[in-house]
Each structure stands twice: as structure tokens, then as C-alpha cells.
Amino acid sequence: MSSYFTSEKKAELIKEYGGHEKNTGDICAQIALLTYRIDHISEHLKQHKKDFSTTRGLMKLVGQRKQLLTYLSRTNLEAYRSLIDKLGLRK
């Protein structure tokens with residue numbers, strides 16, 4: 001993790017989406033963390049269009065988030081709908 005993703009920011013996201021800062025395994029908290037990383041990497045790639053290794057890493061993160069979102073939609077549809085509204089994801 002680099003300087004954009006400080007432990008304070010991570011704790012803040014986990015607390016907001018996972019209930020409290022110790023609930024790191026919560027599916028909503030994991031999706032929120034991935035979304036934060038994806039947004040940051042997307043901004044990087046707007047300036048560095050030919051950074052293909054970072055593009056590959058971004059695709060892996062997007063796939064991981066998609067798997068978690070699919071799992072959440074199967075297990076808890078209400079939480080899924082509220083999470084995509086909060087994060088501004090289109091699904």
C-alpha cells in the first residue's frame with residue numbers, strides 16, 4: 001500500500017461500511033476498500049495510459065470486486081442495493 005491508502009483511511013472506510021474498525025472481514029467493507037483502490041488507480045491511469053502492468057492489476061481488482069458483489073447480491077439483496085447506491089456503482 002502506498003501513501004494514498006493510509007491506515008487511517010482504511011480504518012475510516014472499514015468503520016463506515018463494516019460497522020466498527022475491527023470488522024475487517026465484512027463483505028461491504030471489503031467492497032468499499034476495493035472501490036477506493038480502483039478509483040485511485042483509475043485516476044493514475046488517466047495520466048499514464050500506457051502503464052499496462054497497472055492496468056492488469058486494475059482488472060484483477062475489478063474482477064475481485066465483481067465476485068464479492070455477486071456473492072453479496074445472492075446472500076443479502078438489501079445490503080447489496082444500499083451498498084451500490086452508497087458507492088455510486090452502476091449495477
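In the predicted model, helix H2 passes helix H3 in a left-handed crossing, a crossing being left-handed if the near helix is turned anticlockwise from the far one by less than a right angle, and right-handed if clockwise. Helices (H or I, at least four residues) are DSSP runs, numbered from the N terminus. H2 covers residues 27-47, and its axis lies 10 Å from that of H3, at an angle of about 155°. Axes are lines fitted to C-alpha atoms, for helices over the stretch in contact, and angles run from 0 to 180 degrees between N-to-C directions. H2 is therefore roughly antiparallel to H3, a term applied to angles over 145 degrees, whereas those under 35 count as roughly parallel, 65 to 115 as roughly perpendicular and the rest as oblique. Residues of H2 that meet H3 include Ile31, Leu34, Ile38 and Ile41, and those of H3 include Leu58, Leu61, Leu68 and Leu72; contact means heavy atoms within 4.5 Å. By class, this contact of H2 with H3 comprises 14 nonpolar, 7 polar and 2 charged residues. Ala, Val, Leu, Ile, Met, Phe, Trp, Tyr, Cys and Pro count as nonpolar, Asp, Glu, Lys and Arg as charged, and the others, Gly among them, as polar.

Residues are numbered from 1 along each chain as its sequence is written. As this is a predicted model, local features need pLDDT of at least 70 and side-chain atom pairs count only at pLDDT 80 or more, while totals for chains, interfaces and linings use all residues; side-chain values use heavy atoms, with hydrogens and water left out. The mean pLDDT of the chain (the predictor's confidence in each residue, from 0 to 100) is 92, and 97% of the residues score at least 70.

The H3 and H4 contact holds 7 nonpolar, 2 polar and no charged residues.

H1 and H2 have axes that come within 8 Å and cross at roughly 135°. H1 is thus oblique to H2, and the crossing is right-handed. Lys9, Lys10, Leu13, Ile14, Tyr17 and Gly18 of H1 meet Cys28, Ala29, Ala32, Leu33 and Tyr36 of H2, a set that divides into 8 nonpolar, 1 polar and 2 charged residues.

The whole structure contains 2 salt bridges, each defined as a side-chain nitrogen of Lys or Arg within 4 Å of a carboxyl oxygen of Asp or Glu. One of them joins Lys9 and Glu12 at 3.5 Å, N to O.

Notes: Helix = DSSP H or I, 4+ residues; strand = E, 2+ residues; numbered from the N terminus.
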